[in-house]
Amino acid sequence: MLAVFLVFLVVASSWLFMQRRWWLPELASIHGVDIDRVFLVTLIITGVLFVLLQGILAYFAFRYGAQRTGRARYWIRPALEKRFALIAGIIIFGVDVTIFALGESQWFKAWGPSPDGTPLIEVMGEQFVWNFRYPGPDGIFGNTDPALISSNNPFGIDKTDSLNADDIISINQLHLPEGKPVRLRLRSHDVIHSFFLPHQRVKQDVVPGMQIEVWFVPDRAGQYEIACSQLCGLGHYRMQGRLTVESQEEFDKWLREAASGGI
């Protein structure tokens, strides 16, 4: 019976692995390749250890269960136990260090300093929408004041500053050029949200009172989901936006239309 179960488990796991129905959504960013590699290596390491340890546990439970006649023997050998504990500790430490090093290296690469000249887009999360702000044709953001934040002015834009005249505001619609790095400055003015682009492998909590920057390179044109992966209130389920990745020409056209009030 145990052998049949193990065979079924292996076959089912192999089928799911080949079908990739359990895996992450289709990749659409450059740094996502490394993120997926970290996931895969972590899964392989932990999966092998899980199957090995649970298999041993299942064997002993089956071999020496209450309905069996076999009796487990044990003895006390301090020297052997110390060697076993040392070897097990070295293996566990090595696995932990490997996973940690992989994760930290990719984290610093993805969330470290962006390339010089990377354009900036501001993101403001609120219950229950994503607001986006572009600097407009002049490439400069105007002044903002937290005291000016309201339901009609989520960024607290100071309308007396002439630099704000060409800034572009969009709600739940983020447009990015394909193959170009982009920097996002994330903020929230009510509760903790989590900015999540599953296809781009970007996920960052948005905390009130903090400005958190991330950057990435979208490398596949199309439309993708923008989600909030932090339970942020009763309307959390509908806090969704749309990311449009397009060619540089189409992106520039959209910016011109948005600056002229065409959207």
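Q: Let's start with strand β2, residues 129-134. How many of its 6 residues are buried?
A: In strand β2, 5 of the 6 residues are buried, so the strand is mostly covered. Buried means under 20% relative accessible area, exposed means over 50%, and partly exposed lies in between (1.4 Å probe, protein chains only). Strands (E, at least two residues) and helices (H or I, at least four) are DSSP runs, numbered from the N terminus.

Q: What should I know about the model itself?
A: This is a predicted model: local features need pLDDT of at least 70, side-chain atom pairs count only at pLDDT 80 or more, and totals for chains, interfaces and linings use all residues. Residues are numbered from 1 along each chain as its sequence is written, and side-chain values use heavy atoms, with hydrogens and water left out.

Q: Which strands pair with β2?
A: β1 pairs with β2 in the antiparallel sense, over 5 bridges. β2 also pairs with strand β3 (residues 168-171), again antiparallel, over 4 bridges. Two strands pair if DSSP finds at least two bridges between them.

Q: How many residues sit between β1 and β2?
A: There are 2 residues between them, and the two strands form a hairpin.

Q: Now Glu122. Where is it?
A: Glu122 is in strand β1, which covers residues 120-126.

Q: Is Glu122 buried or exposed?
A: Glu122 is buried, because its relative accessible area is 5%.

Q: What does Glu122 touch?
A: Leaving aside neighbours within four places in sequence, Glu122 contacts Asn131, Phe132, Arg133, Phe141, Phe155, Arg185 and Arg187. Contact means heavy atoms within 4.5 Å.

Q: Which side chain makes a polar contact with the side chain of Glu122?
A: The side chain of Arg187 does, at 3.4 Å. A polar contact is a pair of N or O atoms within 3.5 Å; within protein, one must be able to donate a hydrogen and the other to accept it, and residues adjacent in sequence count only if both atoms are side-chain atoms.

Q: And which residue meets Glu122 in a salt bridge?
A: Arg185 does, at 3.6 Å, N to O. Glu122 lies in strand β1 and Arg185 in strand β5 (residues 182-188), so the pair ties together parts 63 residues apart in sequence. Both residues are buried. A salt bridge is a side-chain nitrogen of Lys or Arg within 4 Å of a carboxyl oxygen of Asp or Glu.

Q: What about Glu213 and Arg185?
A: Their side chains meet in a salt bridge too, at 3.0 Å, N to O. Glu213 lies in strand β8 (residues 212-216) and Arg185 in strand β5, so this pair ties together parts 28 residues apart in sequence. Glu213 counts as partly exposed, because its relative accessibility is 32%. Salt bridges that share partners join Glu122, Arg133, Asp167, Arg183, Arg185, Arg187 and Glu213 into one network.

Q: How many salt bridges are in the whole structure?
A: A search finds 9. One of them joins Arg201 and Asp36, with the closest N and O atoms 2.7 Å apart. Arg201 lies in the loop between β6 (193-197) and β7 (202-206), and Asp36 in helix α2, so the pair ties together parts 165 residues apart in sequence. Arg201 and Asp36 are buried.

Q: Last one: what's the overall layout?
A: The protein chain has 4 helices and 10 strands. Along the sequence, the pattern is α-α-α-β-β-β-β-β-β-β-β-β-β-α. Of its 263 residues, 33% count as buried.
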